Amino acid sequence: MDSTFDHLDAAGFLQIWQHFDADDNGYIEGKELDDFFRHMLTKLGPGDKVTEDKVQQLKTRFMSVYDLTADGRLQIQELANMILPEDENFLLLFRRETPLDNSVEFMKIWRKYDADSSGFISAAELKSFLKDLVVQHKKVVSSRKLDEYTDTMMKIFDKNKDGRLDLNDLARILALQENFLLQFRMDASSQEERKRDFEKIFAHYDVSKTGALEGPEVDGFVKDMMELVKPSISGMDLDKFRGVLLRHCDMNKDGKIQKNELALCLGLKVKV
């Protein structure tokens, strides 16, 4: 990236993001995207005439490199990769070697950092998460800089501005992949189809391969089930439905949902 952004820090990045994500939907897209690249052209060549052709050429060049999802719009991580110097790119702390494609792994993280089980991640809990990520990445970050990163992330991802993050906010930060259950037809007609789908679903959430869902495995299943009917759920919603599911399906009251117990709850007979 050009030297224009060499001294950009987290606070400056936040200002750019908030300015160009004008509708606050978590993406820079459409006219916002054109406005961003028009702004870049004026920064890159002060005094040069900015034409629509130049804007589109610059957009094509940069989007081919940085639009990793190839959806024609910029997510916040993609913009950070584009303009933030590497030593200031706090979002790189959340980069994983493999995509986060299982809600069970996501819920392990949620349960660990929602330390007071409030159903939300407070600024202090987010700072604790960031601190652990800094250690994992073997980076040295000052306490002041950690506070700045925490404050910036709260301002970007705390959509309802209540000073805390909910499940959906954290899912966006961690780039959690699409709900696993969306690939299945809820109206599968034959018993064989339903059994086949059940086997795939249970195997996906039974991460420990014990033949029972427990702890974050139940959480992950509940989260994905709820989001089929209610796209935006809170941590408290999840805890309530988790309790309902366990009361109805945990026949032997061991705090787990055995494979045969879940099958019975769903009206299926499966071999265990």
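Asp24 is partly exposed, with a relative accessible area of 40%, and its phi is near 55°, a positive value in a residue other than glycine. This briefing concerns a predicted model, in which the protein chain is divided into domain 1 (10-87), domain 2 (94-174) and domain 3 (180-266).

**Domains**
- The C-alpha centres of domain 1 and domain 2 are separated by 25 Å, and the contact between these two domains draws twelve residues from domain 1 and nine residues from domain 2.

- Asp24 sits in the loop that runs between helix H1 (10-20) and strand S1 (27-28).
- Lys161, although it is not a glycine, likewise has a positive phi, of about 55°, and its place is in the loop between helix H7 (143-157) and strand S4 (164-165).
- With a relative accessible area of 51%, Lys161 is classed as exposed, because the cut-off for that class is over 50%, whereas Asp24, at 40%, is classed as partly exposed.

**Glu217, a buried acidic residue**
- Glu217 belongs to helix H10 (residues 216-229) and is buried, yet it has no salt bridge.
- The nearest side chain of opposite charge is that of Lys108, which is 6.5 Å away from Glu217, while a salt bridge would need a side-chain nitrogen of Lys or Arg within 4 Å of a carboxyl oxygen.
- A polar atom of the Glu217 side chain does, however, lie 2.8 Å from the backbone nitrogen of Ser208.
- When its neighbours within four places in sequence are left aside, Glu217 is in contact with Val104, Tyr205, Asp206, Val207, Ser208 and Ala212.

**The disulfide**
- One disulfide is found in a search of the whole structure, and it joins Cys249 to Cys265 with an S to S distance of 2.1 Å.
- The pair links distant parts of the chain, since Cys249 lies in helix H11 (residues 235-249) and Cys265 in helix H12 (residues 259-265), with the two cysteines 16 residues apart.
- The torsion about the S-S bond of Cys249 and Cys265 is about -125°, and the disulfide is therefore left-handed.
- Cys249 has a relative accessible area of 2% and is therefore buried, whereas Cys265, with 31% relative accessibility, counts as partly exposed.

Methods:
Residues numbered from 1 in each chain as written. Predicted model: local features only at pLDDT ≥ 70, side-chain atom pairs only at ≥ 80, totals over all residues. Heavy atoms only, no water. Helix = DSSP H or I, 4+ residues; strand = E, 2+ residues; numbered from the N terminus. Buried < 20%, exposed > 50% of the residue type's maximum accessible area, 1.4 Å probe, protein only. Lys, Arg positive; Asp, Glu negative; His and termini not counted. Polar contact = N/O pair within 3.5 Å; in protein donor to acceptor, adjacent residues only side chain to side chain. Contact = heavy atoms within 4.5 Å. Disulfide = S-S within 2.5 Å. Domains from an automatic or database assignment.
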